[in-house]
Amino acid sequence: MREIEFDVVVKAVKDMIMHCGTDLPQDTYEALESAMEAEKSPVSKEVIRQILENANIAKDEKRPLCQDTGLAVFFVNVGEEVRINGGLLRDAINKGTEEGYTEGYLRASTCEPFSRANLKDTVGYNLPAIIHFDIVSGDKIDIEYAAKGGGSENVSRACVFPPAAGKDGIVEYVKEVISDAGGNPCPPITVGVGIGGTFEKACISSKHALFRDLETKHKDPEMAELEERILTEINNLGIGAMGMGGTKTALAVHIESNPCHIASLPVSVNVQCHSSRHTHITI
Amino acid sequence: MATYTLTTPLTSEDTKKLVAGDTVLLNGTIFTARDAAHSRLVALIEAGEELPFDLEGSIIYFVGPTPPKPGDPIGSAGPTTSYRMDSFSPTMLKNGSKGMIGKGKRNQAVKDACVEYDGIYFGATGGAGALLGKQIRSAEVIAYPELGPEAVRKITVEDFPVTVVNDTKGNDIYQIGRAQYEVKN
């Protein structure tokens, strides 16, 4: 059984959070550069230019890319042959989150649902983190992290369709969600589509789909084709960068699909703004 | 589409010449308020009580900035999604405010209030918080410090870049722009 020190996890998480707060990942930056080149609307082109200039300023001056520094979301694969020495893995991730958000001058955006009170006085700074655990073979811990903003989360939706809805039903549903959202989720967006499983499995899959590098297509050619079809349909909506009208509303569509009940076709659409701040580390 | 440089407070003369799609570089004093602050400000107006700042000609920026680093007036400060302020904005415009800065579409009541009271809804680039924060020269919390990032701040901006989304004639750049680039199947 391999042992990993509690503080090693804390530091790894803190470093990921501080880095993601100010440095736009390379895949996102490159996807935005391509979008600026391809965009036909001069207004949307200028918006994407500002987004890229913003990324340069943020990186050079270590300023947060966006004032919405998100809720901290993690997908953690824990090897069966590893244990944390000195505390619980969950506590280490939360401690790293608090330290990263505090030391990085990142905004604490967590609040109690009804009083809307900021929880930093009672629970911690931007805590608790949203953590999805899985157990895998091996003696390593793989931590995927994303800073998830509220504007794009607010337009996300899920629905359980009858099986007959099929691919056409899914395409129409995603189009409807993105069309209704317009410029609110800060396009050019990435769209995570969770298909199958149960209601919550589809939702979690749609979230995890957003962690994939933007240029990577689905391994299954049938799913890759569906991703491409949905992407074209979204870009045909004409929403454009920040809703100003244009040809590049989405940078990518990522699908994760699962086997599901014979009675159901769950579909979840999770939207990510242009500031797709995601990274991962293996310890 | 024209580019203008304007200094607050704005007058009807300033706002009536603006057309959806125009670029404006804003200068002067602007006030920040999000959901919780709007709720309190509108409650004060309805109760006939004094506000923490003068609404006449004011621009309200929907923003909750990140904490400033030592030596900086403010952290990153891009716009938040505006529809959450839709139920409050007509009251603000009716009582003298002339502009709002945010991102995303507004409801018909806000657009109608822009026409009736010569108001403008400006869009700033969402997610460009570092770039926009740099155009803010000073910031001071003037009300509701307990709201943290949602406190009301008096900020001074220099050539703060915005686009006219809704003008005083009822035009909406989101509708105009989208219609231009939509591909019908």
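Q: Which helix does L44(B) lie in?
A: L44(B) belongs to helix α2 of chain B, which covers residues 35-46; helices (H or I, at least four residues) and strands (E, at least two) are DSSP runs, numbered from the N terminus. This is a predicted model, in which local features need pLDDT of at least 70 and side-chain atom pairs count only at pLDDT 80 or more, while totals for chains, interfaces and linings use all residues. Residues are numbered from 1 along each chain as its sequence is written, and chains are lettered from A and ligands numbered from 1 in the order in which they are written.

Q: And how is L44(B) classed by its C-beta neighbours?
A: L44(B) counts as partly exposed, because it has 13 C-beta neighbours inside 10 Å. The classes rest on C-beta atoms placed from the backbone: a residue is buried if 20 or more others lie within 10 Å of its own, exposed if 12 or fewer, and partly exposed in between.

Q: What is L44(B) in contact with, leaving aside its neighbours within four places in sequence?
A: With those neighbours set aside, L44(B) is in contact with E49(B) and L51(B), where a contact is two residues whose C-beta atoms, placed from the backbone, lie within 7 Å.

Q: Staying in chain B, which residues of α4 are buried?
A: In α4(B), residues 108-116, the buried ones are V110(B), K111(B), A113(B) and C114(B). Viewed down the helix axis they fall within an arc of 160 degrees, so they line one face of α4(B); the arc is that of the directions from the helix axis to the C-beta atoms. Q108(B), A109(B) and E116(B), on the other side of α4(B), are exposed.

Q: What do the buried residues of α4(B) pack against?
A: Their packing partners are α3 (89-94), β5 (120-123) and β7 (152-166), which belong to chain B. Just after the helix, D118(B) takes a positive phi of about 55 degrees.

Q: OK, now chain A: which domains is it divided into?
A: Domain 1 takes 2-20 + 65-148 and domain 2 takes 150-275, with bounds that come from an automatic or database domain assignment. Their centres, taken over C-alpha atoms, are separated by 26 Å, and 10 residues of domain 1 of chain A are in contact with nine of domain 2 of chain A. Two or more residues of the domain 1 side come from each of β2 (71-79) and β5 (141-148) of chain A, and β5(A) gives the largest share, three residues.

Q: Why is β5(A) largely enclosed by the rest of the structure?
A: Six of the eight residues of β5(A) are buried, so the rest of the structure largely encloses this strand.

Q: Which order do the strands take in the open sheet that holds β5 of chain A?
A: The order is β4-β2-β5-β10, four strands with mixed pairing, where two strands pair if DSSP finds at least two bridges between them. In the latter pair A146(A) stands opposite H278(A), while F75(A) has E144(A) of β5(A) as its bridge partner.

Q: And what order has the sheet with β6 and β9 of chain A?
A: That open sheet of four strands runs β6-β9-β7-β8 in chain A, again with mixed pairing. β6 (157-161) and β8 (250-260) of chain A are the edge strands with a single partner each, so one side of each is left without a neighbour in the sheet. β7(A), residues 189-197, pairs with β8(A) in the parallel sense over nine bridges, with V191(A) opposite V253(A).

Q: Which strands does helix α6 of chain A touch on the sheet?
A: Helix α6(A), residues 166-181, touches β6, β7 and β9 (265-272) of chain A, and its direction makes about 30 degrees with that of β9(A). Helix α8(A), residues 221-235, lies across β7 and β8 of chain A, at about 135 degrees to β8(A). Axes are lines fitted to C-alpha atoms, for helices over the stretch in contact, and angles run from 0 to 180 degrees between N-to-C directions.
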